[in-house]
Amino acid sequence: MRLLVLGGTRFLGRAIVDEALGRGHDVTTFTRGRSGHARPGVQALHGDRTVPAELWPLSQQEWDAVIDTSVLAPSHVAAGLRALQGRVGHYTYVSTLSVYEDLGREPVNEDSTVLACPSDATGTMETLGYGELKAGSERAVMAAMPGHSLIVRPGVIVGPHENIGRLPWWLCRLAQGGEVVAPGAPERPAPVTDARDLAVWLVDNTRRGIPGAVNVPGPQTATMGGLLAACAEATSADRATGLELHWVSDADLEAAGVEPWTELPLWIPDNLEWAGLWQVSGDRALRTGLHYRPITDTAHDTWQWLKQEASATGRPVTEFQRMPGLGLDPGRERNVLERVTS
C-alpha cells in the first residue's frame, strides 16, 4: 500500500508510520517539520496545511490511502482534500468521541447526532471548540470522499511517546511513592487505548478501505483501580519509599477545588456531562478487528520510554514534558489528604 500520513512524527502519527513501515508499506509523511523528526524509511514532504501555497506537494503524487491525525479547522482539512482530489483512493480521518452532541446525556453509538459545525468552518480549537472542529472536519472528509472515507472516533489515547502526559503523570506520581490521592473509587471506569493498538487497527482498516464511522473508546472493563495498579507495578523497582493510595470521593475532591481531568488526569466526576466519555459503545471497533493490550503492558512500556527519555536528556524522569496545568501540585495533594484523613 502507498500510504500518506498527514502528520507522522508525534505520538499516534508516529505509531501509525512505524506500524505501516513494519509491514513493508510505502509511506509518505506530510508535516510542517516543526516538531519531531521524520521516521527512518519514509518519504518526508513538508508544508503547512493552513497555507494554500504550501499544499502543492500533495498534488504531485498518488497514494492508495491517507491517514489524517490532524487537529485543523474544517476549512484547512477541506483544502488538503482538494489538493488530493483524484490522487488518493481512501481517506481515514482520526476524529474524537467529543463530536457527539448527546455525550454524557445518553448512551451514544456511531449513529448518534454529532455537533453542528460546517465543513468549511474557519477558526481554531479554542474558537470553535475541539468537538466542533472535529465534527466539521468529519463533514469535509465525507463530502469529498463519499463511500471512501473512514471516520475514527477514539477516546483517550495513551502509550509511549504520549505528548499530553496523562498516563506519564500517574506513572511519575506513583514512582515517587508516599500517600497518593486516587480519584473517586477503584471501580470507576477508565478505558484508555494504547496508541500502538489503534495504529494496528488503523493500518489494517485503511488498507481494507472500510467506510463509515467507528468509535474506539477503549476496553469497557477497564477501571481506574486497574490503571493505578498497573502504574504502581510498572514503577515498583524505581520507588524508594512505600506507596499508599487514598481513594477520595468525588464530593471531597470537588469540595477541595480539584479540577477534574487536568489536576487528576482521567478523573471525571459522575455529575459532569462528559462522564459519558466512559459510556460509548465500541462494539463496531471490536467487530472490525481491534484488540486492546493489557493496561499493565502499556504502563510498563510507557515507564520504560520515560526513563529512556530522561536518561538521554540528563533530567529527572519526573520532569517529563506535559500539557500546562496537568497534574496535582504536591502542596495541593497534601491539603486534600489532610482534609480527608484528619
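## Overall size and fold

For a chain of 342 residues, a compact globule would have a radius of gyration near 20 Å, and the protein chain agrees with this at 21 Å. That radius is taken over C-alpha atoms, and the globule rule is 2.2 Å times the number of residues to the power 0.38. Along the principal axes, the C-alpha atoms fill a box of roughly 65 × 45 × 35 Å.

A word on the ground rules: this is a predicted model, where local features need pLDDT of at least 70 and side-chain atom pairs count only at pLDDT 80 or more, while totals for chains, interfaces and linings use all residues. Residues are numbered from 1 along each chain as its sequence is written, and side-chain values use heavy atoms, with hydrogens and water left out.

The protein chain has 11 helices and 13 strands. These are DSSP runs numbered from the N terminus: helices are H or I with at least four residues, and strands are E with at least two.

## Burial, contacts and charge

Of the 342 residues, 51% count as buried. Here buried means under 20% relative accessible area, exposed means over 50%, and partly exposed lies in between (1.4 Å probe, protein chains only). The accessible surface comes to about 14,900 Å², and 49% of it belongs to carbon and sulfur atoms; areas come from the Shrake-Rupley method with a 1.4 Å probe, and for residues only the protein chains shown count as cover.

Among contacts with a separation of 6 or more, 76% are between residues 24 or more positions apart, a contact being heavy atoms within 4.5 Å. As for charge, the mean positions of the 30 positive and 41 negative charges are 6 Å apart. Lys and Arg count as positive and Asp and Glu as negative, without His and the chain ends; each charge is placed at NZ of Lys, CZ of Arg, CG of Asp or CD of Glu.

Helix α1 covers residues 11-22 and reaches 16 Å from its first C-alpha to its last, close to the 16 Å expected for its 12 residues at 1.5 Å a residue. The expected span is 1.5 Å times one less than the number of residues. Its buried residues are F11, L12, G13, A15, I16, V17 and A20, and they pack against β1 (2-6), β2 (26-31), β4, β5, β7 (156-158) and α6. After α1 comes G24, with a positive phi near 85 degrees.

Helix α6, one of those partners, has 14 residues (195-208) and reaches 20 Å, close to the 20 Å expected. Among its buried residues are W201, L202 and V203. G209 follows α6 and also has a positive phi, near 70 degrees.

## Helices α2 and α4

Helix α2 (residues 74-83) is mostly covered, with eight of its 10 residues buried: P74, S75, V77, A78, A79, G80, L81 and A83. They pack against β4 (63-68), β5 (88-94), α3 (125-128) and α4 (130-144).

In α4 sits R139, partly exposed at 27% relative accessibility. Leaving aside residues up to four places away in sequence, R139 touches V114, L115, A116, C117 and S119.

## L328 in its loop

L328 lies in the loop between α10 (295-313) and α11 (330-341). Is L328 buried or exposed? With a relative accessible area of 6%, L328 is buried. Beyond residues up to four places away in sequence, L328 touches W169, V258, E263, L264 and E333.
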